[in-house]
Amino acid sequence: MSDHEEIIILGAGIGGLTLALSLHQAGIPCRVYEAVPELKPLGVGINLLPHAVRELTELGLLPALDATAVRTKEAIFFTEHGQLVFTEPAGTSAGYDWPQFSIHRGDLQTILLATVRERLGMDRVVCDRRCVDVEQDEAGVTVFFSDASGAPAASVRGSLAIACDGIHSVMRKKFYPDEGAPRYSGVNMWRGVTRWKPILSGASMIRAGWLAVGKMVIYPIRDSIDAEGNQLVNWVAEMESDQPAQRDWSREGRLEDFLPAFENWHFDWLDVPALIRSADSILEYPMVDQDPLPRWTHGRITLLGDAAHPMVPRGSNGAGQAIIDARCLAGCLKNEGVGPAALESYDRERVEATGNVVLTNRRTPPDSILRVVYERSGGTPFEKIDDVVPRSELQAISDNYKRVAGYDPELLKSRPSYL
Ligand SMILES: Cc1cc2nc3c(=O)[nH]c(=O)nc-3n(C[C@H](O)[C@H](O)[C@H](O)COP(=O)(O)OP(=O)(O)OC[C@H]3O[C@@H](n4cnc5c(N)ncnc54)[C@H](O)[C@@H]3O)c2cc1C
């Protein structure tokens, strides 16, 4: 086989590595080129909902996920006064055939990378190759790289190039040069992990408060990390601010910038300021996204994951939609052959669908349950939640999001596999 028959994947993040495994499953050769010299388990927690876990299960990764992540049992919403607003079961507890997992992003990337190296070979992920440009002709693509020092590195030929290079995608900028920087949503996030005893069921995804006064997202991402039975608990503090934080996934955050908003959150189910103060480390990041694009595919080149549809992280769908893109694309290439026609089919199936997720994350993601309660209660404690808003209205917000994002239980069960 000559090199130019390979599909070239740009970026070894969640999307790029899932694509490599899926192409391998479809019998299609590929190679991944990653900008950083060494892949390290960076980031904090992410959630994988049943539609994404279905895809990872079909890749044979369920045992590895079960050995590493926490199976989420329920989603649970509180006010900033610690009052229960709404709860619903999640994953297999909600009757899905596939669980929901809360997992460290680094753990997920490590599982995917190890599996790619084991199944495809050690030489299939090439690090220290930052894509700087891609050119295409009738027969294939030529990809140009630089190394970590910024010096040019040898170019490679391939059949197609799939840009899985995240929110700062070089190929997205090439196709949409006037788009501008990612759009700030008016909310900053401080993210951390803390070693802590199990909270509530020990498998709860907790959302509390509201963005105007301070909102927290809290869930465990590793079980039994020591002899005392502590968990690694992921938390995100979110607050409205005119001033966006810098867009750097590894930028350190400062307690004094956000802790005051949560100083009085001493609830019978959790002491929130104590959890925050005990964090191993704190990172800050602005909530950003981009307007949906009209198309991702340009001949032999297409976009996938955050490169295609960066979204504000308010629906646990950033990694999930990247995984589904990868599976859908591999399915199109298997069914239609390796060429531009398959990329067009992928475009038709995924551009509008993910655009709807981006827009719903802006307007009515699951946590808008908390906005409704905050606005109707005036931010003051209530006697009974039913006096503020009927449960059916909150359930409708949750159910609508499931339909838009592709994990409505019936629709998910009846959808044929991509591969
Ligand atoms: C370091 C890091 C930490 C993150 N932490 C979190 C987090 O804590 N919580 C959260 O919700 N999301 C986090 N994310 C984003 C999250 O992983 C994505 O939203 C989601 O998983 C979609 O994955 P993706 O593969 O599209 O993009 P990403 O996971 O962002 O992966 C993109 C990959 O492409 C590589 N790359 C970038 N430019 C080039 C180039 N020119 N050539 C070759 N390779 C390139 C990057 O190094 C990266 O490995 C993080 C992303 C990164 C890169």
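Predicted model: local features only at pLDDT ≥ 70, side-chain atom pairs only at ≥ 80, totals over all residues.
Which residues have the most contacts inside the largest nonpolar core? Leu48 and Val143 do, and the views below start from them. Residues are numbered from 1 along each chain as its sequence is written, and side-chain values use heavy atoms, with hydrogens and water left out.

**View 1. The largest nonpolar core, seen around Val143.** This core holds 80 residues; a nonpolar core is a set of buried Ala, Val, Leu, Ile, Met, Phe, Trp, Tyr and Cys residues joined through side-chain atoms within 4.5 Å. Buried here means under 20% relative accessible area, exposed means over 50%, and partly exposed is in between (1.4 Å probe, protein chains only). Helix 7, residues 318-336, gives the most to the core, with 9 residues. Helices (H or I, at least four residues) and strands (E, at least two) are DSSP runs, numbered from the N terminus. Beyond its neighbours within four places in sequence, Val143 is in contact with Ile8, Leu10, Cys131, Asp133, Val134, Ser155, Val156 and Ala161, where contact means heavy atoms within 4.5 Å. Another core, of 32 residues, lies apart from this one and includes Trp210, Leu232, Leu370 and Val388.

**View 2. Strand 7 and its two antiparallel partners.** Take a look at the side chains of strand 7 (residues 101-104): Phe101 and Ile103 point one way, Ser102 and His104 the other, and all are buried. Strand 3 (residues 45-48) pairs with strand 7 over 4 bridges, and Leu48 has Phe101 as its bridge partner. Strand 4 (residues 70-71) is joined to strand 7 by 2 bridges, with Val70 partnered by Ser102. Two strands count as paired if DSSP finds at least two bridges between them.

**View 3. The hairpin of strand 9 and strand 10.** Strand 9 (residues 130-136) and strand 10 (residues 141-146) pair in the antiparallel sense over 6 bridges. There are 4 residues between the two strands, and Arg130 stands opposite Ser146.

View 4. Strand 2 (residues 30-33) meets strand 8 over 2 bridges, and Val32 stands opposite Val125.

**View 5. Asn230 in its loop.** Asn230 lies between strand 15 (214-222) and strand 16 (231-240). Is this residue buried or exposed? Asn230 is buried, with a relative accessible area of 17%. Its side chain makes a polar contact of 3.0 Å with that of Asp226; such a contact is a pair of N or O atoms within 3.5 Å, where within protein one must be able to donate a hydrogen and the other to accept it, and residues adjacent in sequence count only if both atoms are side-chain atoms. Not counting residues up to four places away in sequence, Asn230 touches Trp196, Lys197, Asp223, Ser224 and Ile225.
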